[in-house]
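I set out to record, entry by entry, what I looked up in this structure.

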Amino acid sequence: MQLVVARIGRAHGIKGDVTVEVRTDEPELRLAPGAVLATDPPTVGPLTIAAGRVHSGRLLLRFEGVSDRTAAEALRNTLLIAEVDPDESPEDPEEFYDHQLEDLEVVTVDGAVVGRIESVAHLPAQDLLSVRREDGGEVLIPFVGEIVPEIDLEAQRAVVDPPPGLLGEESEEAEESEEIEEAEGAGAEHGRERGRDGGQESSR
């Protein structure tokens, strides 16, 4: 099983260091010196990590055979890919690999079916679950404990407790309310017109 563990950013300094956007919860394991990683595009790799350090809150890596800024800059936007045993799980029970989450059925705490997890988006602020709804639409759900309180791999199910509006119910209810108000308004106006023309009054 291949997992994307990082994306190479811009070159740092003149000795071949690069910044990386970490996409794994285990960088100390996946991005350790000596790790050999496949790449996307594949023609760039494989790359062997020679050294790593943290600078100003960002991880810097240096690869074997990459010794200057020009060579480092040529790696920009390359994805780093690790080989992982498909039966392997993260040490932290609250963490999951993307392939473990994909295709899980998503239901609310009340038991309503939302859809199935199609993919996981790793953003700087937080991870998002891309859920394909039964009607074909998509909803993005923040992958945080308050909103996704339970992942049951045995049952192949993710339980969500969404805040109002996350799944679109609030907007749908608002639209329905507006339609009802418009219909009622039209009816009242029609009644007033009839009162003027036919001598009848309309009240609610």
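The entries below go from the whole chain to single residues.

**Entry 1. Overview**

I noted at the outset that this is a predicted model. I then took the secondary structure of the chain, which comes to four helices and twelve strands. Of the 204 residues, 31% count as buried. I also looked up the contacts between residues at least 6 apart in sequence: 46% of them join residues at least 24 apart.

**Entry 2. The barrel**

I traced six strands that close into a barrel, in the order S1-S2-S5-S4-S3-S6. The pairing in this barrel is antiparallel, and from one strand to the next the twist averages 50 degrees.

I looked at one pair of neighbours in detail. S2 covers residues 17-22 and S5 covers residues 58-63, and the two are joined in the antiparallel sense by two bridges. Within this pair, Val18 has Leu61 of S5 as its bridge partner.

**Entry 3. The nonpolar cores**

Which residues have the most contacts inside the largest nonpolar core? I found Ile8, Leu31, Leu61, Phe63 and Leu80, in a core of 22 residues. At least two residues of this core come from each of S1 (2-12), S2, S4 (47-55), S5 and S6 (79-83). S1 gives the largest share, with five residues.

I returned to Phe63 of the largest core and listed its contacts, leaving out residues up to four places away in sequence. Phe63 touches Ile8, Val18, Leu47, Thr48, Ile49, Ala50, Leu75 and Leu80.

**Entry 4. Asp17**

I next examined Asp17, which is found in S2. Is Asp17 buried or exposed? Its relative accessibility is 7%, so Asp17 counts as buried. Its side chain makes a polar contact with the side chain of Arg53, at 3.2 Å. With residues up to four places away in sequence set aside, Asp17 touches Ala11, His12, Arg53, Leu61, Arg62 and Ala72. Leu61 in this list is also the bridge partner of Val18.

**Entry 5. The open sheet**

I then followed six strands that form an open sheet in the order S10-S9-S8-S7-S12-S11, with mixed pairing. S10 (138-142) and S11 (150-152) are the edge strands, each of which pairs on one side only. The twist from one strand to the next averages 35 degrees in this sheet.

S7 (residues 105-108) and S8 (residues 113-122) run antiparallel and are joined by three bridges. Glu105 has Arg116 of S8 as its bridge partner. S7 and S8 form a hairpin with four residues between them, and in the turn Gly111 has a positive phi of about 95 degrees.

On to the next neighbour: S8 and S9 (residues 127-133) also run antiparallel, joined by seven bridges. His122 has Asp127 of S9 as its bridge partner.

**Entry 6. The aromatic pair**

How many aromatic pairs does the count come to? I found one. The ring centres of Phe96 and Phe143 are 6.5 Å apart and the ring planes stand at 50 degrees, so the pair is tilted. I recorded the places of both residues: Phe96 is in the loop between S6 and H3 (98-101), and Phe143 is in the loop between S10 and S11, so the pair ties together parts 47 residues apart in sequence. Phe96 is buried, at 16% relative accessible area, whereas Phe143 is partly exposed, at 21%. The cut-off for buried is under 20%, which is why the two values fall into separate classes.

**Entry 7. Backbone points**

Most residues other than glycine have a negative phi, and most peptide bonds are trans. I therefore listed the following points against that general rule.

- The peptide bond from Asp40 to Pro41 is cis, with omega near 10 degrees; Pro41 is in the loop between S3 (36-40) and S4.
- Gly45 and Pro46 are also joined by a cis peptide bond, with omega about 0 degrees, and Pro46 is found in the loop between S3 and S4.
- Asn77, which is not a glycine, has a positive phi of about 75 degrees. Asn77 is in the loop between H2 (69-73) and S6 and is partly exposed at 47% relative accessibility.
- Asp103 has a positive phi near 80 degrees. Asp103 lies in the loop between H3 and S7 and is partly exposed, with a relative accessible area of 48%.

Key
Residues are numbered from 1 along each chain as its sequence is written. This is a predicted model: local features need pLDDT of at least 70, side-chain atom pairs count only at pLDDT 80 or more; totals for chains, interfaces and linings use all residues. Side-chain values use heavy atoms; hydrogens and water are left out. Two strands pair if DSSP finds at least two bridges between them. Axes are lines fitted to C-alpha atoms, for helices over the stretch in contact, and angles run from 0 to 180 degrees between N-to-C directions. A nonpolar core is a set of buried Ala, Val, Leu, Ile, Met, Phe, Trp, Tyr and Cys residues joined through side-chain atoms within 4.5 Å. Buried means under 20% relative accessible area, exposed over 50%, partly exposed in between (1.4 Å probe, protein chains only). Contact means heavy atoms within 4.5 Å. Rings of Phe, Tyr and Trp (its six-membered ring) pair if their centres lie within 6.5 Å; planes under 30 degrees apart count as stacked, over 60 as edge-to-face and the rest as tilted. A polar contact is a pair of N or O atoms within 3.5 Å; within protein, one must be able to donate a hydrogen and the other to accept it, and residues adjacent in sequence count only if both atoms are side-chain atoms.
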